[in-house]
Amino acid sequence: MPSHQSPCRLCGHSAIFFVTRKERQYERCIRCGFIQVSLSDLPTHQEEHQEYLLHENNPNQLGYRRFLSPITNLAIKWLQSQSPDPIRILDFGAGSGQAVAVILSESGWCVDNYDPIFGPPELPPKKTVDLLICTEVVEHFHHPKNDWAIIFELLSNRGLALIMTEWSDPH
């Protein structure tokens, strides 16, 4: 088990080895608990692109819909509880299949997509997103402090961010 310490890319405190998974070392901050990929194991933009092309995030695949259902069901429940005013929804890190948009559109909702690799590359204006959905993305942030700031800047006054990641403590 490696014993080195790195700075946490979220709060700047010390991060220590946490776990090795899929040949990458992950570190956990001893102050804020943030889990990050070791800097030496962060993929380049091109490596990320190639890896994401291997993902089968097809919105027509029943298994993938089931995987997304905790967050899409929660989103639909929240959306149905809101006033009839227009609601701007953003799938932050939508990927190539844009499955969240497809699933929510089946319930009558329109979703904007953002993905730095698959596009569209433009984010909506600040303070305009009422519901931001982010699935299996935050653990891949290269600059988490900046990326979290972007997410929070996008949210409107009533804005809600629904974040889904598989990470949990392995103990």
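1. On the basis of the note. This is a predicted model, in which local features need pLDDT of at least 70 and side-chain atom pairs count only at pLDDT 80 or more, while totals for chains, interfaces and linings use all residues. Residues are numbered from 1 along each chain as its sequence is written, and side-chain values use heavy atoms, with hydrogens and water left out.

2. K127 has a phi near 65°, a positive value in a residue other than glycine, and K127 is exposed, with a relative accessible area of 53% (buried means under 20% relative accessible area, exposed over 50%, and partly exposed in between, with a 1.4 Å probe and protein chains only). E23, which is not a glycine either, has a positive phi of about 65°; E23 lies in the loop between β2 (14-21) and β3 and is exposed, with a relative accessible area of 76%. These two entries are worth a look, because most residues other than glycine have a negative phi, and most peptide bonds are trans.

3. On the cis peptide. The bond from G119 to P120 is cis, with omega near -5°, and P120 lies in the loop between β6 (111-114) and β7 (129-135).

4. On the order of elements. The protein chain has four helices and eight strands (DSSP runs numbered from the N terminus, helices being H or I with at least four residues and strands E with at least two). Read from the N terminus on, the elements run β-β-β-β-α-α-β-α-β-β-α-β.

5. On overall dimensions. The protein chain has a radius of gyration of 17 Å, which agrees with the value near 16 Å that a compact globule of 171 residues would have; the radius is taken over C-alpha atoms, and the globule rule is 2.2 Å times the number of residues to the power 0.38. Along the principal axes, the C-alpha atoms fill a box of roughly 55 × 35 × 30 Å. Of the 171 residues, 41% count as buried, and the accessible surface of the protein chain comes to about 9,800 Å², with 54% of it belonging to carbon and sulfur atoms (Shrake-Rupley method with a 1.4 Å probe; for residues, only the protein chains shown count as cover).

6. On contacts. Among contacts in the protein chain with a separation of 6 or more, 58% are between residues 24 or more positions apart, where contact means heavy atoms within 4.5 Å. S38, in the loop between β4 (35-37) and α1, counts as buried at 5% relative accessibility; leaving aside its neighbours within four places in sequence, S38 is in contact with H4, R9, Q25, Y26 and E27. I150, in helix α4 (residues 144-154), is partly exposed, with a relative accessible area of 28%. Not counting residues up to four places away in sequence, I150 touches F92 and L123, and the C-alpha atoms of I150 and L123, 27 residues apart along the chain, are separated by 9.3 Å.

7. On the largest pocket. About 990 Å³ of space lies in the largest pocket, and of the 40 residues that line this pocket, the closest to its centre are Y52, H55, E136, V137 and H140. A pocket is an open set of points on a 1 Å grid over the protein atoms alone, with protein on both sides within 12 Å along at least five of seven lines; a cavity is a set where a 1.4 Å probe fits but cannot get out, and lining residues have an atom within 4 Å of a point. Grid points are joined across faces, edges and corners, and a volume is the space filled by probe spheres set on the points. α1 gives the most to the pocket lining, with four residues, and the lining divides into 17 nonpolar, 11 polar and 12 charged residues (Ala, Val, Leu, Ile, Met, Phe, Trp, Tyr, Cys and Pro count as nonpolar, Asp, Glu, Lys and Arg as charged, and the others, Gly among them, as polar).

8. On the cavity. The structure holds one cavity of 30 Å³ or more, and the largest cavity has a volume of about 90 Å³. Lining the largest cavity are R24, Y26, V37, L42, P43, E48, E51, Y52, E139 and H140; β3 (24-29) and α1 (45-53) are the elements that give two or more residues to this lining. The largest share, three residues, comes from α1, and by class the lining of the largest cavity has five nonpolar, one polar and four charged residues.
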